[in-house]
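Load the model in your viewer and keep the selection panel at hand. The stops below run from the whole chain down to single residues.

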Amino acid sequence: MTPVSAGPYFLEIYPDTWMNGDEDEYITIGWDHPPGSCTISDGEGTITFSPSNSGSSSCTIARNGEQYNHVWGRYPSYEIIDSTPAVPQVTVQGRFQLSNKKDDLTLTCEGCTYDTVTWPGTFKPRNGQIHFRSAGGIWDPRVLMAGGSRLEPRTFENISGTGFVSPDCSREILEEIISNAKRSVLLNVYEFTDPGLAQILCDTSRRGVAVSVLLEGGPVGGIPPEEFPVISDLIQAGADVRVMEGTGEDHAPYRYDHAKYLVADDSRVFLTTENFKEHSFPHAGFAGNRGWGVVLDSADLASCFTEVFQGDFDGPGVVIAEGRAGTAEQPVTTPYNPVFAPLSFSGAVVTPVFSPDTSILIADLINESRSRVWIEQAYITEYPKNGTNPFLAAAVDAARRGVDVRILLDGYYYNIEGDEDNDEMVTALQTLAARENISLQAQVLYPEKTGLLKVHAKGVIADDSVLISSMNWNENSACFNREAGVIIHSRDAASYFASVFLLDWAGKKERQPARSLPGSDTGFIQMITLAGVVIFLLLLYRRYHR
């Protein structure tokens with residue numbers, strides 16, 4: 001068979017579609033040089049066509065051109081069924097239709113066979129998945145469901161921002177960014193039940209700010225009853241509220257819309273690990289989740305997040321939300337002594353991370369680390385059917401090459417009661433570390449020992465960079481959900497979140513108040529590190545000088 005680079009090749013195949021009857025199924029081929037007359041055979045039938053030499057380097061052959069246009073908003077290059085005069089037909093011999101579960105295709109041009117594809121084999125078929133080939137010739141480098149985005153990594157430089165953590169100082173930051181918005185607020189959040197935050201957003205909408213809200217329409221356990229009055233209030237205040245819940249032919253491209261971010265005035269991005277709930281953004285002095293967040297000031301970065309938001313907001317599977325009266329969420333009343341104030345930083349380099357498009361950047365971040373990888377996560381699971389979690393594998397590999405790897409997981413009851421959850425994961429990691437004698441530590445943070453309600457952060461400190469994300473470390477989040485995060489390359493930001501991590505790692509309830517330990521003191525992490533070194537040297541001296 002002629003190498004791919006020397007002639008036409010299969011680029012995309014969509015055999016098992018959301019549409020009943022698979023009328024919108026299609027094949028896309030690409031080429032480096034005009035291929036002349038081409039045939040594609042599936043063993044039962046053959047289609048023949050001659051791609052145009054109009055300067056294009058690919059063409060799409062759909063089963064039904066009109067149905068393809070209905071789904072994708074444009075006509076294909078060719079169609080198999082004569083559905084519209086707007087699309088030229090291929091010549092068909094025999095019965096040619098893609099099978100959902102098992103098929104094989106052969107691409108021949110001018111009598112020479114250039115490419116073949118089989119499934120299962122070349123790729124594993126899945127309902128609603130578009131199978132595509134990367135520039136390197138690899139099939140399905142990521143899961144691409146129909147209607148999903150095709151984002152590439154982007155990096156933004158010289159970014160200023162503010163880091164913050166829940167429950168210490170998150171609410172004041174969120175209230176400020178909403179209250180000060182003057183033109184627009186775009187909010188994407190998995191769940192929204194906090195009536196106080198809803199009121200601030202309603203007030204913002206009533207004073208003429210364009211407010212758009214996208215929620216998950218089928219979260220685990222269903223939409224919380226407390227969310228319906230929030231939706232109702234937002235709609236009455238003039239906000240455009242939608243939910244991602246599509247099924248059937250109008251299927252959402254993501255299993256869950258689990259992202260948690262806000263864009264204000266096309267210039268500021270607020271990104272967090274937390275849902276809009278009372279225990280996620282508690283009032284000052286009250287307990288809540290351990291969550292991480294950041295505000296980033298950049299019109300270019302805001303434009304990037306806006307593009308993603310609008311693509312999801314106007315995309316398939318999204319419908320107008322419906323609210324109704326209901327009981328409001330009760331405020332948190334457990335007291336908490338705040339430790340960390342917000343931290344301002346500047347000159348950062350920021351790379352957005354969107355799942356499922358660019359989630360592999362998290363593994364890249366860990367793989368590039370040289371000194372430390374500190375991970376604070378709600379939970380970590382291996383992928384089903386004995387699959388390997390690429391982020392956890394990267395962390396273990398980092399420990400094997402001598403990087404200080406610490407993994408802190410939540411100890412709330414529902415994350416430790418099962419047979420294969422956080423405490424078992426920690427035991428497995430501790431056993432691995434002891435067996436291989438590698439620099440890997442893992443432990444569970446039991447919230448009753450700290451004053452926190454639970455660990456809901458999804459963060460990584462890798463050398464002088466920090467990841468803040470909505471992404472849990474499981475297969476759904478990495479491969480099928482819409483998630484959003486940022487990797488911030490900034491020593492100040494990394495030091496701030498490292499200080500939070502070390503305090504949580506200590507697992508103690510007795511904590512210094514914020515006035516004695518300001519979050520803006522980036523030297524705190526160095527002081528802790530120096531103290532640790534001094535203690536270590538003293539212990540070492542005593543051991544060898546008894």
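The radius of gyration is taken over C-alpha atoms, and the globule rule is 2.2 Å times the number of residues to the power 0.38. For 546 residues that rule puts a compact globule near 24 Å, and the protein has 26 Å, which agrees. This is a predicted model, in which local features need pLDDT of at least 70, side-chain atom pairs count only at pLDDT 80 or more, and totals for chains, interfaces and linings use all residues. Residues are numbered from 1 along each chain as its sequence is written, and side-chain values use heavy atoms, with hydrogens and water left out.

**Whole chain**

Show the C-alpha trace. Along its principal axes it spans about 85 × 65 × 45 Å. Switch to cartoon: there are 11 helices and 25 strands. These are DSSP runs (helices: H or I, at least four residues; strands: E, at least two), numbered from the N terminus.

Colour by burial next. Buried means under 20% relative accessible area, exposed over 50%, and partly exposed in between, with a 1.4 Å probe and protein chains only. Buried residues make up 55% of the 546.

Then select the charges. Lys and Arg count as positive, Asp and Glu as negative; His and the chain ends are not counted. Each charge is placed at NZ of Lys, CZ of Arg, CG of Asp or CD of Glu. There are 42 positive and 70 negative charges, and their mean positions are 8 Å apart.

**The cores**

A nonpolar core is a set of buried Ala, Val, Leu, Ile, Met, Phe, Trp, Tyr and Cys residues joined through side-chain atoms within 4.5 Å. Which residues have the most contacts inside the largest one? Select F192, F305 and I488; this core has 89 residues. Helix α10 (residues 491-506) gives the most to it, with 10 residues.

Centre on I488. Beyond four places in sequence, its contacts include V294, L296, F345, V350, V466 and A493. D464 and S465 are also among the residues that I488 touches.

A second, separate core has 37 residues. Pick it out through A363, A395, I438 and A442, which it includes.

**Helix α4**

Select residues 227-236. This is helix α4, mostly covered: seven of its 10 residues are buried. They are E227, F228, P229, V230, I231, S232 and L234.

Is R63 buried or exposed? It counts as buried, because its relative accessibility is 14%. R63 lies in strand β5 (residues 58-64). Show its contacts beyond four places in sequence: D22, E23, E25, E79, I80, I81, F96 and Q97.

Move to R95, in the loop between β7 (91-94) and β8 (103-109). R95 is exposed, with a relative accessible area of 52%. Leaving aside neighbours within four places, R95 is in contact with D42, E44 and G45. Draw a distance from R95 to T333: they are 238 residues apart in sequence and 68 Å apart, C-alpha to C-alpha.

**V318**

Select V318, in strand β18 (residues 318-320). At 14% relative accessibility, V318 counts as buried. Outside its four-place neighbourhood, V318 is in contact with L214, R242, V243, M244, D312 and F313. N289 is 29 residues away along the chain, and the C-alpha atoms of N289 and V318 are separated by 29 Å.

**Backbone stops**

Check omega at two prolines.

- S166 and P167 are joined by a cis peptide bond, omega about 0 degrees. P167 is in the loop between β11 (156-166) and α2 (170-179).
- S355 and P356 are also joined by a cis peptide bond, omega about 5 degrees. P356 is in the loop between β19 (343-355) and α6 (360-367).

Finish with phi at two asparagines.

- N158 is not a glycine, yet its phi is positive, about 55 degrees. N158 lies in strand β11 and counts as exposed at 63% relative accessibility.
- N437 has a positive phi of about 55 degrees, and is not a glycine either. N437 is in the loop between α8 (422-436) and β22 (440-445), and counts as exposed at 69% relative accessibility.

Methods. Contact = heavy atoms within 4.5 Å.
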